[in-house]
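Work through these exercises with the model open. Try each task before you read its solution.

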Amino acid sequence: MRSTFKIRPFTSYVLRTPLLPLSSYLNTIENYSVEKAKGLYQDSLIKEAINLASPDLIKELDKWIKDDSNLSDEKAKKLEITFLKYLARMSSRCTPFGLFAGCSIGIITTETEIILEDSVNFIRFTQFDMQFWVALLQNIAKREIAISQLRYFPNSSIYELGDFYRYIEYKYIQTTREHTVSALRKSDVLKEIILKAKSGLTIDEMISFLVDSDSEKEDAREFIIQLINFQFLVSELDAVVTGTNEFERILSILKNIPNLKKEYQFLENSSNQILDLDTSLIPTANQYQKIKKNIHEEGFEFDEKYLFQTDLNVATIANSLDRDIVKKVMQGLSFLNGIQSKKESNNLKIFVREFSKRYESQEMPLMNVLDTEAGLGYPINHEMNDSHEILEGFSFKQKKKKSENQIWNSYDFILEKKLQECFSNNQTKITLSENDFPDFDAIFDFVPVTFSALVEIYDDEKIAIESSGNVSAAKLLGRFCNGNPEIHNLTKEIVLQEEAFYHDKILAEIVHIPQSRTGNILRRPVLRNYEIVYLANSGVEKENVIDLTDLFVSVKNDKIILRSKKLNKEIIPCLSNAHNFSNNSLPLYHFLCDLQSQNTKPIFNFDWGVLESHYNYFPRVEYKKIILSKAKWILNKEDLAHFLAVNSADLFEVFANWRINKNISFLVNLVDFDNTLLLDFRTEIGIQLFLKSTQNRSKIILEEFLFENNSNIKNSSGEEFTNQFIISFYKEQS
């Protein structure tokens, strides 16, 4: 079958690199000494990076480097190992976090040339951490002098069900936001408040239309304040995650409230002080202390670890990538697409079935359908993420039994055959081709309109496809847009491509804050004309906010149709960030995020499938010299137990024999989901790092590391850096 679509790359890409060259770590652990590590710790840039990640750790490390410290040998060793892990993080791992790693934009041209500037020219972008920012806004909103002056809006989750208005409210159990479904009996008064407060009203403005005489005003005020306490009404100070400058938005609100002049001045000063932090990569201790002192004086509480959130923009002298490399990436993606079958989301499939059973061909209000008691909920038969503090210490759920019967498909049998051939021939690599898969089908008709791949590129222009499978190329870029205008421009280009493809539909951004800290990865500019807002404030004008009560759902030809009644158009919800929304989220949010992938076939990175539970070694997998999967070793606690009894003087030799026997590379990443730790088994400290890091783990995954003396990313001094390229693609008609 011939594809009616082809894929093309966008002309820009995002390069992700660590703060330090790889040699910073490898040279330190070669001929290692603790004095060497302590000397490196005193580098001001390294200290600043660790300080942003963990201010409490810095205090402990400062004790560690003092010879007159009263630290026990055990505590000193623990701090030494912790420091080396951080050094490995900022020398080898490319995932942006604080100053440990950062991003830059490059252009696809006719040759590869990438030279990083000296780190002194890197630019940082700092904001208040969302956990602190949300708490700060709530603190101001609850102040007596603010309550009567602020405007209030109906809670965005309100919907009608029978004789009640139902909605979601939340409270904090320690730092976790717990959601519950609440209900108020319908009345003409509540109906009028919901209708008239849509554009925002103060308490006095609501009182003016609720009562006729002065004698009733106090009762009306008490009633409205109760609605605010119940979160039936929410203030305009509620946090926003879409927009370019939250400080400006809040200051514009407070500027018009004379009673909040002091709070206005504090926030204006804070805004300027945070801007000052970013004038250099390493602010002075006094700059930080000044901000913290002001916060204390205003009576705001904060956890030092969750006060600032910083992103790093890497400066480059040259940043271009040969389009032939991009063609190789496209070849690899085409192959992966061809060997993968189209799989519908199980959650959506069950929803379609149950919706059709109950509602048949009717179009129903979305909120009623997703109600966990009267409707279907989502996922079907899944408990809502709500709780009460009285239940926090107890769990009455039955533990799920692991399924013993695995379902093997043709893909699994093909891979097992290749694996067995590899073992029989004592090979360390599997090469795949289209001929290995009888059902190979590489048509691009169902791939998402835009998507991206995360790849590593080595000095010999060999590539490894590390990750792929998203349903929009904006997902990996959204959170970096506010601090990097070039990434923002690329993301806008991606969004325009999606809107042009779905020209007869409305693409609406999903705006929701499931947890305060999650807001750090949810922050992004306004990327789309319309937004669906749920328990948050919107960044777009009110007329472009699609009310949840305006959304209706139906099923036609096994496809879920979400429609805005007011706009009379089909709505495609979009989440332009990499939040793992499926983890313990509210039904509405989970449903809207899942719906974005409906009828698509994302191109996922290579997967060993059911074989992962049957083998403990997997060789490298390649297609046309494109690495689809690196060599990997799966160990368990028992594999390492005997090292506990080995004398320290003999450890290196015993471990080396064990490693060679298992054919484990001497340079590997210890993989823990999306976290990695680089280990060098040529060194005693590398072995210690490994054993200390795995002593409490039941499953241990090691993966070959390929960057030593093999990177085409260098700085002006010739030092090599590891890399990850986010290359984005779009599909167009053939």
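Predicted model: local features only at pLDDT ≥ 70, side-chain atom pairs only at ≥ 80, totals over all residues.

**Exercise 1. A lysine in its setting**

In which helix is K418 found?

- Step 1: K418 is found in helix 17, which spans residues 410–424.
- Step 2: Set aside the neighbours within four places in sequence; K418 then contacts I430, T431, L432 and D436.

**Exercise 2. One face of a helix**

Which residues of helix 2 are buried, and why do they line one face?

Solution. 
- Step 1: Helix 2 covers residues 34–41, and A37, K38 and Y41 are buried there.
- Step 2: Look down the axis of helix 2. The buried residues fall within an arc of 100°, so they line one face of the helix.
- Step 3: Find the cover. The elements over these buried residues include helix 3 (44–53), helix 4 (55–64) and helix 5.

**Exercise 3. Two helices in contact**

Describe how helix 1 and helix 5 cross, then sort the contact residues by class.

Solution. 
- Step 1: Take the axes of helix 1 (residues 22–29) and helix 5 (residues 73–92). They come within 7 Å and cross at roughly 145°.
- Step 2: Helix 1 brings L22, S24, Y25, T28 and I29 to the contact, while helix 5 brings L84, L87, A88, S91 and S92.
- Step 3: Sorted by class, this contact has six nonpolar residues, four polar and no charged ones.

**Exercise 4. Aromatic rings**

How many aromatic pairs are there? Characterise the pair formed by Y167 and F232.

Solution. 
- Step 1: Pairing needs ring centres within 6.5 Å. The count comes to 45 aromatic pairs.
- Step 2: Y167 and F232 have centres 5.4 Å apart and planes at 85°. Planes over 60 degrees apart count as edge-to-face, so this pair is edge-to-face.
- Step 3: Y167 lies in strand 7 (residues 164–173), and F232 lies in the loop between helix 10 (217–229) and strand 9 (233–235). The pair links distant parts of the chain, 65 residues apart.
- Step 4: Check burial. Y167 is buried at 2% relative accessible area, and F232 is buried at 0%.
- Step 5: Look for a cluster. Ring pairs join F128, F132, W133, F247, Y288, F302 and F308.

**Exercise 5. Charge over ring**

Over which ring does the charged end of K196 sit, and over which that of K731?

Solution. 
- Step 1: K196 has its charged end over the ring of F209, 4.6 Å from the centre.
- Step 2: K731 has its charged end over the ring of F5, 4.6 Å from the centre.

Conventions. Residues numbered from 1 in each chain as written. Heavy atoms only, no water. Axes fitted to C-alpha atoms, helices over the stretch in contact; angles between N-to-C directions. Helix = DSSP H or I, 4+ residues; strand = E, 2+ residues; numbered from the N terminus. Contact = heavy atoms within 4.5 Å. Nonpolar A, V, L, I, M, F, W, Y, C, P; charged D, E, K, R; others polar. Buried < 20%, exposed > 50% of the residue type's maximum accessible area, 1.4 Å probe, protein only. Arc of directions from axis to C-beta. Phe/Tyr/Trp six-rings, centres within 6.5 Å; stacked < 30°, edge-to-face > 60°. Lys NZ or Arg CZ within 6 Å of the ring centre and 35° of its normal.
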